[in-house]
Amino acid sequence: MKAITIPQPGDPSALVLAEVPDPQPGPGEVRVRVAAAGVNRADVMQRMGFYPPPAGAPEYPGLEVSGTVDQVGDGVEEWRVGDEVCALLSGGGYAELVCVPAGQLLPVPTGVPLADAAALPEVVSTVWSNVFMTANLLPGQTFLVHGGSSGIGTMAIQLAREVGARVAVTAGSAAKLEVCRELGAEILVNYREQDFVEELRTATAGAGADVILDNMGAKYLARNVDALAPNGRLVVIGLQGGVKAELDLGLLMRKRAAVIATSLRSRPADEKATIVAAVREHVWPLVSAGRVRPVIHGRYPLAQAGDAHRELEASGHVGKILLTVS
Ligand SMILES: NC(=O)c1ccc[n+]([C@@H]2O[C@H](COP(=O)([O-])OP(=O)(O)OC[C@H]3O[C@@H](n4cnc5c(N)ncnc54)[C@H](OP(=O)(O)O)[C@@H]3O)[C@@H](O)[C@H]2O)c1
């Protein structure tokens, strides 16, 4: 098969299309003929050499795909050759074929084209596991997501809106904030011009956010804790602003608040399967009903994965960038 390889980590030109051996499904695995693959910021980190695949994962980048089941391994009952699926991966999505544990597959939701379904598994699993399974966002609570126009952000806004939370976002331009508003965000903060702590306090009569989904890490830690409501939960999923910062435990204590940091990719297969099952139960009906949709910015052929990374890094996009594989 053809896959995107990284012979030498570096800039987007490090992504090289090459002929490589076809993967073979092991027991409990399914092989998918890939139609499309999602591009995620984690793939950029892997390309640069900072985020190696976990043990046992395929070495090629790519954390989510859509496609057609092409082979099933021993012991797989639920899936058949020819099923149209999308999948949460630990790696290997930038390829014509990928093997994945059966528990990480989802059917393509009704009404979503196969080529678009690759935009869903990683973002939906990340948002659902962190915002709902871990931070327990409830109806009527205030939810802040940083980078509201990102792949993660566009999904987080829609899901929080669907459970009846009040959604606040940060983004870097008025045009991006407008998209967030259309998706359901009510409190819009331009992080280049405004202080999100102040804006959130004003909009919530001083209460702050019950749950924050953060992509910035160190750079926003103190301000995020400041912006939390009593009993608030800050979930850090990105480190775009660095890894080390000072944490005011006194303030955290007074608020009885929690700071949590998670990585989906490093979770064991059984935890991923639990998340995927919850996504299927709670989110798939919303997608199939057309209430929640993948927001897709653009597509590149697999061979132009480097251009897709350039576009992601330039941060002009809103929502997801996909690779078209077949
Ligand atoms: N831990 C996990 O399991 C997990 C899983 C998936 C994703 N993630 C993380 O989630 C984040 C989003 O991923 P993605 O693939 O959706 O990436 P993406 O589409 O490239 O989004 C990156 C976002 O960062 C925003 N940003 C940049 N500087 C900012 C600032 N100072 N304040 C607020 N926002 C800022 C950008 O906003 P503008 O474009 O408006 O400038 C953009 O929306 C990434 O950090 C990624 O690593 C983590």
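**Strands β4 and β5.** I looked up how strand β4 (residues 64-72) meets β5, and found five bridges joining the two, which run antiparallel. Strands here are DSSP runs (E, at least two residues), numbered from the N terminus, and two of them pair if DSSP finds at least two bridges between them. One pair I noted: V65 has A87 in β5 as its bridge partner.

**What I'm working from.** This is a predicted model, so I kept in mind that local features need pLDDT of at least 70, side-chain atom pairs count only at pLDDT 80 or more, and totals for chains, interfaces and linings use all residues. Residues are numbered from 1 along each chain as its sequence is written, and side-chain values use heavy atoms, with hydrogens and water left out.

**The other neighbour of β5.** I then checked strand β7 (residues 105-107): three bridges join β7 to β5, again antiparallel. Here C86 has L106 in β7 as its bridge partner.

**How covered is β5?** Of the five residues in β5 (residues 84-88), four are buried. Buried means under 20% relative accessible area (1.4 Å probe, protein chains only). I looked at C86 too, and C86 counts as buried because its relative accessibility is 0%.

**Cysteines.** How many disulfides does the structure hold? I found zero, taking a disulfide as a pair of cysteine sulfur atoms within 2.5 Å. C99 is in no disulfide either, with the sulfur of C86 as its nearest cysteine sulfur. I also noted that C99 counts as buried, at 13% relative accessibility.

Methods. Buried < 20%, exposed > 50% of the residue type's maximum accessible area, 1.4 Å probe, protein only.
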